[in-house]
Amino acid sequence: MKIWLISLLILAQCQTDPDMIPEQHTIRAKAGEKFEIKLPGSIATGYSWTLVSPADSQYVHLESQVYEESDKKVDGKSGMDVFVFKALKQGKTTLDFIYRRPFDKQIPADAKRENYIVHID
């Protein structure tokens with residue numbers, strides 16, 4: 001009974017806490033075009049942005065993923081995780097990202113998430 005109640009409370013918080021809902025973005029690209037997704041992060045903390053599941057290879061191909069440090073000369077500086085994709089054919093797909101430490105076995109319930117809907121013409 002306690003586990004069920006705790007689960008219900010967590011679910012209720014997720015439904016009302018805007019930080020728990022992934023932000024949704026839309027990208028438009030033409031088949032054959034490359035496009036970038038830049039997500040702010042700080043690799044010095046051990047966290048980085050990763051795809052929740054592999055990109056749908058029918059519509060997009062992940063060309064590269066790099067971390068670009070900011071120009072500021074400070075310890076623990078922030079930067080951007082940059083993902084470059086190539087649009088392959090007309091259609092629509094979704095790219096879901098999560099900000100986490102890759103070595104953690106469990107994904108924290110409050111992990112930052114970003115969602116991109118990609119429309120390919």
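Here are some worked exercises on strands and aromatic residues in a predicted model.

**Exercise 1.** Work out where Phe85 sits and whether it is buried or exposed.

*Solution.* 
- Step 1: find the element. Phe85 belongs to strand β5, which covers residues 79-87.
- Step 2: check the accessibility. Buried means under 20% relative accessible area. Phe85 has a value of 0%, so it is buried.
- Step 3: list its contacts beyond four places in sequence. Among them are Glu33, Phe35, Leu51, Val60, Leu95 and Phe97.
- Step 4: pick one of these and compare sequence with space. Phe85 and Glu33 lie 52 residues apart along the chain, yet their C-alpha atoms are 8.4 Å apart.

**Exercise 2.** Classify the ring pair of Phe35 and Phe85, and say what it ties together.

*Solution.* 
- Step 1: get the overall picture. The whole structure holds six aromatic pairs.
- Step 2: look at the geometry. Phe35 and Phe85 have ring centres 5.5 Å apart and planes at 20°. Planes under 30 degrees apart count as stacked, so this pair is stacked.
- Step 3: Phe35 is in strand β2 (residues 34-41) and Phe85 is in strand β5, so the pair ties together parts that are 50 residues apart in sequence.
- Step 4: check burial. Phe35 and Phe85 are both buried.
- Step 5: widen the view. Phe35 and Phe85 belong to one aromatic cluster with Phe83, Phe97 and Tyr116.

**Exercise 3.** Now do the Trp49 and Tyr99 pair.

*Solution.* 
- Step 1: take the geometry. The centres are 5.0 Å apart with 40° between the planes, and the pair is tilted.
- Step 2: place the residues. Trp49 is in strand β3 and Tyr99 in strand β6, 50 residues apart, which makes this a link between distant parts of the chain.
- Step 3: check burial. Trp49 has 2% relative accessibility, so it counts as buried. Tyr99, at 11%, is buried too.

Terms used
Residues numbered from 1 in each chain as written. Predicted model: local features only at pLDDT ≥ 70, side-chain atom pairs only at ≥ 80, totals over all residues. Heavy atoms only, no water. Helix = DSSP H or I, 4+ residues; strand = E, 2+ residues; numbered from the N terminus. Buried < 20%, exposed > 50% of the residue type's maximum accessible area, 1.4 Å probe, protein only. Contact = heavy atoms within 4.5 Å. Phe/Tyr/Trp six-rings, centres within 6.5 Å; stacked < 30°, edge-to-face > 60°.
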